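Subject: Structure handover and notes

Dear colleague,

Please find the structure below, together with the sequence. My notes on what was found in it follow directly after.

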Amino acid sequence: RLVEFGWSQWENVLHYILGSGDKDVSVGVVRLLQAAELVRESSSSANPAASGSDSKTPLITTQGFQFLLKDVYSQLWILVRQYILEVVQNQEGASQVEAIQLLFRFGFATPGVGYSVAALSPTQRLLVRDLADLGMTYAPPRRDGKFARFFVTALGLNFSRPSDPFRPLFRGGGNNRATGGQNTSSEEGAVQGFIIVETNYRIYVYTSNPLQVALLNTFVDLQYELPGLVVGLLTRDSVLGALRAGITAAQLLSYLRQRAHPQMVRARVTAAGVDVLPETVVAQVRLWENERNRIQASAGVLLRDFSSDDEYRFYKARAMASVPVGMGGEQGVPPVRRAASPSPLLYSDDASRVLVVSREFEAVLEKVGDAFHRHREGGM
């Protein structure tokens with residue numbers, strides 16, 4: 001029961017971030033996610049009266065997409081750290097040291113044993129109550145609404161055990177068909193891996209968990225879904241969509257490696273240093289990322305409507321130089337360009353007399369104009 005409660009509470013949080021869940025999370029969790037910049041309020045949520053039920057729909061941020069591809073304990077550490085910074089630090093009389101002490105004591109708790117809150121400080125009681133929303137604790141309330149004892153769930157037990165190689169990094173779909181009917185994890189409800197990636201970019205996902213399907217949908221073109229099995233395809237469009245959302249190729253590939261099916265691991269890893277993923281898939285995903293990064297956007301200032309060709313050429317010569325105005329010749333001869341410093345000139349069209357210069361060059365435009373007037377008067 002504790003295992004199911006912990007994973008269910010945590011998956012509700014992830015569903016909320018994805019916007020795919022049908023269960024609400026607490027106001028405290030929403031504020032925590034917003035403080036961690038994982039989600040932000042939509043325009044409709046800022047005006048609930050005008051939008052009705054849609055007012056609770058969050059907008060996931062770039063950090064939110066990256067957050068979803070991490071393992072559960074990395075995700076929990078991010079939120080717990082934010083909780084200590086935002087809630088405990090701002091709570092009058094609360095102690096960050098007491099909160100951290102209790103977090104590390106979770107690792108020594110006994111599964112299924114209830115602990116009295118009588119020996120806890122007010123800060124630690126607040127922590128136990130709020131961490132139940134993240135699935136790390138379970139505090140059954142009494143009739144008066146308060147709680148006298150609490151239980152540490154599987155997530156809380158493994159939270160401070162980074163060196164434990166058997167702790168589950170994610171929850172499976174409760175479907176063991178892919179592993180021959182055997183649970184390969186040290187805890188009920190979690191599996192070692194459930195994703196098979198083929199060299200033709202086809203992906204087989206042995207899960208019935210809606211959350212896992214929703215996560216894969218962020219970067220996989222899902223083809224069809226069967227009971228306990230989802231089949232998809234890594235395509236250029238699906239990967240580029242994930243990259244545009246802020247997910248990197250390294251994060252995407254790491255997600256697939258962590259959840260690799262045991263049979264794929266045994267088939268691929270025959271020697272030290274061999275990647276569990278097919279080389280063709282790894283190389284293609286990185287090529288798609290490089291393809292997107294070929295073009296870089298730069299903020300600039302458009303200059304046009306010059307009074308004469310002389311004025312246009314003067315501004316262009318100054319923009320091509322990477323030394324301050326006035327260090328060149330007084331006759332308008334452009335100064336020597338330094339190879340180590342990039343040119344402020346981003347674009348030029350001599351036929352239309354159009355220039356695009358960097359934002360930094362905008363600060364000296366007035367000095368360039370004064371220098372041109374001196375140059376013109378000297379030539380006259």
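At 16% relative accessibility, does K316 count as buried or exposed? K316 counts as buried, where buried means under 20% relative accessible area, exposed means over 50%, and partly exposed lies in between, computed with a 1.4 Å probe on protein chains only.

Before going further, please keep in mind that this is a predicted model, in which local features need pLDDT of at least 70 and side-chain atom pairs count only at pLDDT 80 or more, while totals for chains, interfaces and linings use all residues. Residues are numbered from 1 along each chain as its sequence is written, and side-chain values use heavy atoms, with hydrogens and water left out.

Overall picture

The secondary structure of the protein chain comes to 16 helices and twelve strands; helices (H or I, at least four residues) and strands (E, at least two) are DSSP runs, numbered from the N terminus. Of the 380 residues in the protein chain, 44% count as buried. Among contacts between residues at least 6 apart in sequence, 59% join residues that are at least 24 apart, a contact being heavy atoms within 4.5 Å.

Salt bridges

Side chains of opposite charge can pair when their charged atoms come close. A search of the whole structure finds eight salt bridges, each defined as a side-chain nitrogen of Lys or Arg within 4 Å of a carboxyl oxygen of Asp or Glu.

K316 is the partner of D350 in one of them, with the closest N and O atoms 3.0 Å apart. Because D350 lies in the loop between β11 (345–349) and β12 (354–358) and K316 in helix α14 (residues 309–320), this pair ties together parts that are 34 residues apart in sequence. D350, with a relative accessible area of 46%, is partly exposed, whereas K316 is buried.

Another salt bridge joins the side chains of D275 and R257, at 2.8 Å from N to O. Here D275 sits in the loop between α12 (262–268) and α13 and R257 in helix α11 (residues 249–258), so the pair links parts that are 18 residues apart in sequence. D275 is partly exposed at a relative accessible area of 23%, and R257 counts as partly exposed at 29%.

R236 forms a salt bridge with D237, the closest N and O atoms being 4.0 Å apart. R236 is partly exposed, with a relative accessible area of 39%, while D237 is exposed, at 55%.

Helices α10 and α13

The axes of helix α10 (residues 236–244) and helix α13 (residues 279–292) come within 10 Å and cross at roughly 60 degrees. The axes are lines fitted to C-alpha atoms, for helices over the stretch in contact, and angles run from 0 to 180 degrees between N-to-C directions. From α10, the contact is made by R236, V239, L240, L243 and R244, and from α13 by V285, W288, E289, E291 and R292.

Within α10, the residues S238, V239, L240, A242 and L243 are buried. The buried residues of α10 pack against β8 (221–226), β9 (229–233), α11 and α13. After α10 comes G246, whose phi is positive, near 110 degrees.

Loop residues

Most residues other than glycine have a negative phi, and most peptide bonds are trans. Y201, which is not a glycine, has a positive phi near 75 degrees. Y201 lies in the loop between β6 (195–197) and β7 (202–205), and is partly exposed with a relative accessible area of 22%. Not counting residues up to four places away in sequence, Y201 touches G232, L233, L234, T280, V281 and Q284. Y201 and Q284 are 83 residues apart in sequence, and their C-alpha atoms are 9.4 Å apart in space.

D305 also has a positive phi, of about 60 degrees, although it is not a glycine. D305 is placed in the loop between β10 (300–303) and α14, and at 69% relative accessibility D305 counts as exposed.

Finally, A118 lies in the loop between β3 (115–116) and α7 (122–131) and counts as exposed at 61% relative accessibility. The C-alpha atoms of A118 and R149, which are 31 residues apart along the chain, are separated by 8.2 Å.
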